[in-house]
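Open the model in a viewer and keep the sequence at hand. The stops below go from one selection to the next.

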Amino acid sequence: MKQYSAQEDYVLNTVNNRDVHFLRFWFADVLGNLKSFAIVPNELERAFDIGMPLDGNCIAGFESTTESDVIAWPEASSFQILPWRPNENCVARMFCNIKTPEGVPFTSDTRHILKEVLRKASKMGYIVNVKPEIEYFYFQSKDKPIPLDDGSTFDLTSLDSATDLRRDTVLTLESIGIPVQQSQHEAGPSQNQIDLRTQDALSMADSIMTYKLAVKEIALKHGVYASFMPKPRNDQPGSSMHLHIHLSNENGDNAFFAENSGDKYCLSTTAKQFTAGILKYMKEFCLVTNQYQNSYKRIISDACLPDRIAWSRNNRSTVIRVPGHRPNTEDCSRIELRNPDPACNPYLALAAIISAGLAGIEEGLQLEEPIEDSKKTKLESDTLPYTLGQSIDCFEQSELMRKTLGDSVFDYLLKVKKAEWHKAISMVDEYELENYLAVL
């Protein structure tokens, strides 16, 4: 008889004692869409013993490999009862690790890709910590982007129709172990933001996947629709997912903090090299952090969006900022990466970003001076890609991204994104019809 771990024993006992009747096994496809299948409690021990078979041919990015018969292994530490499901015959979830029938990690499992990058960070003596600020919109339905209110940043009462929606969402997240720092109305009508508290990178990627589903589930309960589309309305700002990142050493101390750094940023050599790596490789990983054609409509059209590949403290046109809320403290020794959007696959996005930062440490890169003047002329070479096509070109030439993501995921992303870009530029849109049809 197998000797179960303490976490597996906890899951087995909880399932028996809490009337859990369905266990959902969660995993992500390559594009970051949450996938799931359910088992009944009688199958749980078998799942812990030998995993559950899965047909990879049905999953985006899994079918591109020669071996499509894969095994889903539940990770007991991720067990949570889903609070938006009924209390009777409860539903719980666990994230899964996807492996081949031989027990080898599956090359298209994006969660495993992030684990490998974090394993490298650990060998270098670092733990990666992440805190996201995730924006999204509430609309009346999924058919048209009609907002629920006319509010703006920090508005409340009559201008903020989503107060109860955010409240229910925050309570839901905290009930399943995802700590929340704050929530608020954002800049656009019916645009909202919920910030999660800092977690290690793998836990945070799992939390982001859960967060997005929870937001949508609570919205449906209220009869509205939540969207993480980067740019759903022409006349309003897009939605971002700013990532606050810092490294800790093995003692838990902030490896980005240097009290005697000689400047107001208090950034250590490690922090500067990590930041320089992200800036150096940013164009190469932009396809991962901003993976849709719609992502670039946000980048090119939003006046407040940072598109300058540089860093600063006060200049919000730069893609990396060092927050200055608590000067000369460890809390200010972190970077805020501001280009990712919430439609990305968080496992791949964090893997790409962290890999770039670690490369900066390995290469001993020097961080250039901050750009605090927002009016300084932007050179084309200093800005993010403005189209999906430009991003594809940068990604395709990247040895670091191929090494980080592996051949199967790298090649799959190139294939599907080239197809998306070709379709986007070959379709006649409403703008062309309105402006050209009657005069040409």
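Start by selecting phenylalanine 79, which is buried, with a relative accessible area of 7%; buried means under 20% relative accessible area, exposed over 50%, and partly exposed in between, with a 1.4 Å probe and protein chains only. This is a predicted model, in which local features need pLDDT of at least 70 and side-chain atom pairs count only at pLDDT 80 or more, while totals for chains, interfaces and linings use all residues. Residues are numbered from 1 along each chain as its sequence is written, and side-chain values use heavy atoms, with hydrogens and water left out.

Aromatic pairs are rings of Phe, Tyr and Trp (its six-membered ring) with centres within 6.5 Å; planes under 30 degrees apart count as stacked, over 60 as edge-to-face and the rest as tilted. By this rule there are 15 aromatic pairs. The ring centres of tyrosine 10 and phenylalanine 79 are 6.4 Å apart and the planes stand at 85°, so this pair is edge-to-face. Tyrosine 10 belongs to helix α1 and phenylalanine 79 to the loop between β4 and β5 (80-81), 69 residues apart. Helices (H or I, at least four residues) and strands (E, at least two) are DSSP runs, numbered from the N terminus.

Stay in helix α1 (residues 6-17) and select threonine 14. Threonine 14 is buried, at 10% relative accessible area. Leaving aside residues up to four places away in sequence, threonine 14 touches Val20, Phe79 and Ile81 (contact: heavy atoms within 4.5 Å).

Next, show strand β4 (residues 69-74), which is joined to β3 (residues 52-55) by 4 bridges in antiparallel fashion; strands pair if DSSP finds at least two bridges between them. Leucine 54 is opposite valine 70 of β4. β4 also pairs with β6 (residues 90-99), antiparallel, over 4 bridges. There, tryptophan 73 has asparagine 97 in β6 as its bridge partner.

Now go to helix α4 (residues 163-175). Which residues of α4 are buried? They are Leu165, Arg166, Thr169, Val170, Thr172 and Leu173. They span an arc of only 165° around the axis, which places them on the same side of α4; the arc is taken from the directions from the helix axis to the C-beta atoms. The buried residues of α4 pack against β7 (127-139), β8 (180-185), β9 (191-196) and α5 (201-221). Following α4 is glycine 177, with a positive phi near 80°.
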